[in-house]
Every structure is written in C-alpha cells, then in structure tokens.
Amino acid sequence: MPGQIKLDPGPATEIWNSDGIRLRSSQEMNLQTIGYHIKPISGRSYFTYVKVTNIGSDPIGPCRCNKPGPWKSVTLFIDTFTPSWPVLAPDGASRLTYFPGLDQFQLEQVSNGSVIAGPWFFHGKTPSGTQNGLQSFWAWSRDGLFFAVVVRDQQAGGGGSWWLDVYATKPYIRANGTRTVPRGNIYNSSGVSTASNVISGVNLGWNDASTSLEFRRPPIQSQPLTQTELTLICPYVDAVSNVAPTYSWTLDTMVRSLSGWNFVHSPCGGLFALVPRPNPNFTSAYRQLEILDILRTLMLISQRQDNLLVGPAVVNNNTTVATVTTTSPGRRGIKLTNMSLTEIDNSECLASAPASVNLRRVRVSTIPNQIDYTNMGQANAVIWPNHSLWIEFPSLQWINPAGSPGQIHFCLQANGDASPDDPSPGWSSLNLNDRHFAQRNIIFT
Amino acid sequence: MTTTYRVVDIVVPNRSSNKVKVTVAISPTDPAMLEGIEMEDNKLLKILSYGLTQDICTRVERVRTQEKLNLQIDEFQDVLVRAIITVQEPSKRTRARAAFQITDTRNGTVAGGVTIICSSPQFPTDLPSAAGPTNPCPLFIAAELTCVDPGADPRLTVGQPGIIDTTKPQDLVVLIENGGPKELTNALVCLEHTSDSNVLAVPLAWHIGTIEPGGRFWATWEVDARTALPGNYEATFVAQCDDYEPVRLSAKFAIRPPNW
C-alpha cells in the first residue's frame, strides 16, 4: 500500500484540539519528541511543529522504483511461427482470434469479446517456406498492456512495404499520473524497405518493463550499410495527445568508428542506455555512454556521480550496466564495467517528492474558518511506514488579531499532502475528520 | 481571595447560503486530560461560575450568562459569543488550571469547538525543549550553502556563498557528508523549509542510499528568491538513515536588497 499521510486528530470529544500541532518558543532538534505547547504572546516569534505519520506500508516520498538487476536488451519479435489460435496475451486480458475462411485475425478483449483492433491478413509461410505477399507478425509487451502488429508486403525479388501499429489493449495512465490514455491505437508508422524480407523480428522488441518498444527501421534505398535508424516508442512519456511519443537516433558505426552499439534498458524501465562498442583499431572511436529518460521526459540525462556531472566512457567492449542491489539505490546506484567510471547515480531512484504540510493561523471560531486566515508556509519531509516526525515551520511573529478585545488568539490548522499517491483534498475541502487535516483550537486565558 | 473574570470572544460562523440553527454550549473538562499541555504540579483552579453570552457591551461582572445558547444565524453571517469564566485566584505560589470546552452543535451533531484553558498564574509562554536525539544520524552539512545555475554542476558556484541571488531561479547546493565511522544505508535528505525568507523551493527528497564514512553528496534544490525579503535566514533540512534517529540540520543564508 502506498504511503498514506495522517495528521493527529484531536480526541473524539474535542476533534478541534489536535495535539499534533504545537507552538514552541525555541527550535526543537528532536524530530520524534518535542516540548509542550505554549501560550503565545503578541509580538514574539514562534516555531510551529506538526506531527506527520505515515500509516501506509510504503514510505511517503519514496523513489518510484528501485528494482535491481542488469540492464537488458529488448526481447525481439518472432516473425517465423505458426500460432495456435486463439493467441492469448501474457496477462490473459486480450487475445487474437483467427478467421480461417478470410485468413484474417483480430485483437479482442477476452472479458467481453469486443474488438480492440484489426482485422489483419495473416498469410503464414507457404509449405515450401517462401515468404511472398502480405504477412503479419506481432508481439505483446511483457505485461500484456501493449500490442504491436507488423504487416509486410514482400515483393518478388525482395523488398517491399511495411506497416507498424501499436495498441493499448486497455486504458492506462501515463507516468505523470494525470493523463489516462484510452484503449486503442497509440502509434503507427509505415515505409518501404530494401531488405529481402522487408521487415523482420530483429527490427522490433519490447523491453522487459513494458515501457518502450525499440524499433530499428528496415533499410531504405541508398542508406549506408553502416547506418541504423533507431526509434524508441515510449507510451508512458508525457505528451499532450494519446499518441506514444518517440525518440529517434541515426547511428552510423563508420562515422563514430565503432563496431556497433549495445542498446539496454533498466530493470524499472525508466532509462535506456546507448553503449558504444568502440573499434579497437581506432583511438578516436566514440566512447561516450548516453542515457535517455524513457518514462517521463524523453530527454538525454546528464550523468552524475554524487550529483556532480561526469562523463563515463567505454574503455573496453563487453560493458555491462546494472542497477545495484543496495538499500535505496540513488547515489552511485548504477554500476558500470569496462567504463572509465564504475558507478554513477541512479536517476530513477535518486530524487522524489516528499510529503508536504501547509499551515495557517485562523481567527478563532467554533468551526474551521475558510475566510479569515494567514498562511504560515509549507514544510516537507519523507516519512517511513509506521513512523511519525514532528516537522518544523519557520519562526514567525505572532500578532494577536485585532477587533474585539476578548478575541485574543488564533487557532492553527494544518493540511498534509502526500501526492501523487495520497493527495490532499485541499483547504477548500477542510474536514477535521479527514486524516489530511488537523486543527489546534485552544485559548489560554 | 481575589476573584477574576476570564473573557474570551469567539466567532460562530455561518458560511452557508441558508440560515442555520446553532447550539453553543460551554462545559468544564479535566485539564489533565489535555494532550501536549504541561500540567505538572498544577492544581485545579476554583471556578465560581461560567457561561456564555451574546452581550459584549455590559461589564462582565453584571452580565447574565448561560451554559447553552441557541442561535439562529443568517446566511453568510457571523455571531460573536462571549465566554465568561469567574475564577477564584489561588494563593501565591500555587499553580492552578481549569479547562472548558465550547461546542458548536448543528443538526444534532457537533460541528466544531474551542478549548479554553484558564491558568493562574499565566500559562507559560516558554517551556524547555525536548532533549536532542541520543543516536543522531551522522549526516551533516559540510560547507556553506551555494547556488548554481539550474541543472548545472553543483561545483560551478555563481555569486557569493551563503547568498541567494534574487534576480533569477537557481539551484541551491547543500554539501552533505557522512561524519560517522560507519557506512550508512537508506540515507536521505529533504529540505524542510527556507525560514520566513519567502524563498520558494521545489519540494524534493534526495535518496542518497548507501554512503561510506567521509562520503559526500551535493544535494540541490530548485529555488526562486525573486519574491524573497532581504535578511539573514536559516534553512532547515531533515536527514535520515537506517539505525539512527533523524536529525534537523540548519544552514544560514542571506537575501540581499536589490543593487546591494
């Protein structure tokens, strides 16, 4: 269960008087226990402390993923197979149904049989093994959420046209947590190819985390043999439409004096590394490691060690990249071998949004006041599961409210937020029975 | 024995677009049951009378009060209610307290309230802090705060150390070091607040993870001091790690007036 924030409510008979908010005349250095609440005097400055508890089983403010393991290449598509119909997705939620009379197949939802996409012509191999005319092959992402289908139209003598379509088999939420992409097509591309079999399984592959489809476009006329057109199709990256954003490279081994590249994906699926394989005969060979964020920004990441900029370079071939198995792998959380540096920071797990609490002083009234208040700022903290911290608000001058001489005090209200997992309803929905809020409404006389 | 009057005016609001009927009541409660309120060596204050009134003009000793007021409040209106508690002051050197709950009941349910503590002598305005952590996380701030351009290498300081530029957003750099003798795990640092400087900071926690003795990490936070107020301040950070208690770290910084 994700982290859940809880501010201390008051006792059942006086819910307005939370002991989880205390005013203090001096700074507290202990975050687990603090001194008693005091009576403020107008004109003096006071710190305010709010007790924040995590009642979830995950930390509030965790890194989003800390799955360790070696970074891996994608699982390539298979284009030479004879499926047993119907073909079920890895998650069992969608399937391919074949219509022998038409030699067509379509993608359906298992639960209700509704058509997600298709039909496409199948046209498997001929008994002699030759491949001519329309043919299709496909692969689901490992989690079954995405489905990519390729149709190729092979001309006699080699070459031909190809079409690639990618579908979401059910609605999903982008990594930013705000956009829900509906079921249906999320990417398509087409082209011509000079390859003898037009396009094949080695041109495509899903990464293990199901966050990216790696697509190496088949060669076109006059394309140098040393050139690779690499496109990453990344359905979780932020975008203003439902189309999966892409990132493309034109890679030429001759230009960079390489024998090739390793394309590897992190276990969490948030990062992609382009690792050059330098040609040992060329000292000027390109050796720089490049890492791309394939979950949110689709931008190259500046690599860091201890948060200082570094530029790891390949020393020898047979490189490896791995996310390490340590507790909370952020700093130096990626291990490199056969490179100029052995460790770099793991940006997938280095920084996160903490819990935030907002505090305000409210003119004393019997029920939470929404109009007459003064903001007292925001404070942040990371809270481990089943732990509490007294978080501090800055020392601010206390000025008793003007008006009736007897109205001598403010009450204190706190609003805790643990977005994105446990967002606050906001001040406009203030409710003292809600664990995101607390109020200390007490007057000393 | 001296008699004194404790007077508290409280707003009873109606923020709705309909008239509401509200019952406001006052009742004594045991001050020893109030959490987080220092009550050591205190006796119970002798209460001669207590009650509520809407009359805020008459002298308190002449006002007739009731334990319960039934109010009808017009839409978007407030009503001011005065609580008057008559106290017999204890003898000198005696500390005594009493507590009352004022409840606001609407449609048969308690919608809110206020707690009143009467104290003689005056309730403390200063009480000792709790003892510091006995086993503090050994992470500490190893250098003065600096600033760099957004996203730049934390070593490429711009401007003077300890001063946040008010002309453009920057990254605040905080050098964190493991000052202990052991390797720390699950180390993390979070910017708690930037005092009352009005420097805006993007909330962020750094999951440093494993850090060896003497190991360093240059934590950064995006800050914007364009609306900050000139002055000297202290930002606070919370550092945590396995097997140790969390600690609050402070670091000074200054905001200079424009054209300083």
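This is a predicted model: local features need pLDDT of at least 70, side-chain atom pairs count only at pLDDT 80 or more; totals for chains, interfaces and linings use all residues.
For chain A, the mean pLDDT is 89, and 94% of the residues in that chain reach 70 or more. An exception to this level of confidence is found over residues 125-129 of chain A, where the pLDDT is below 50 and where the stretch has 2 contacts in the model beyond near neighbours in sequence.

Chain B contains 17 strands and 0 helices, and it is divided into domain 1, which covers residues 3-120, and domain 2, which covers residues 139-255. The centres of domain 1 of chain B and domain 2 of chain B, taken over C-alpha atoms, are separated by 46 Å. Of the 260 residues in chain B, 36% are buried. Among the contacts in chain B that join residues at least 6 apart in sequence, 71% link residues at least 24 apart.

The contact between the two chains takes 69 residues from chain A and 73 residues from chain B. On the side of chain B that touches chain A, the elements giving two or more residues include strand S1 (3-13), strand S6 (78-88) and strand S7 (96-106), and also strand S14 (205-211), strand S15 (216-224) and strand S16 (231-240). The most residues on this side of chain B, 9 in number, come from S8(B), a strand that spans residues 109-120. By residue class, the side of chain B that touches chain A divides into 38 nonpolar, 19 polar and 16 charged residues.

The largest nonpolar core has 100 residues, and the members that touch the most other members are A:Val52, A:Ala381, B:Ile116 and B:Val189. Strand S12 of chain B, residues 184-193, gives the most to this core, with 6 residues. When residues up to four places away in sequence are not counted, B:Ile116 touches A:Ile443 and A:Thr445 in chain A, together with B:Val8, B:Ala83, B:Ala99, B:Phe100 and B:Ile102 in chain B. In soluble globular proteins, nonpolar side chains tend to be buried together.

How values were computed. Residues are numbered from 1 along each chain as its sequence is written. Chains are lettered from A and ligands numbered from 1 in the order in which they are written. A nonpolar core is a set of buried Ala, Val, Leu, Ile, Met, Phe, Trp, Tyr and Cys residues joined through C-beta atoms within 7 Å. A residue is buried if 20 or more other C-beta atoms lie within 10 Å of its own, exposed if 12 or fewer, and partly exposed in between; C-beta atoms are placed from the backbone. Helices (H or I, at least four residues) and strands (E, at least two) are DSSP runs, numbered from the N terminus. Two residues are in contact if their C-beta atoms, placed from the backbone, lie within 7 Å. Domain bounds come from an automatic or database domain assignment. pLDDT is the predictor's confidence in each residue, from 0 to 100. Ala, Val, Leu, Ile, Met, Phe, Trp, Tyr, Cys and Pro count as nonpolar, Asp, Glu, Lys and Arg as charged, and the others, Gly among them, as polar.
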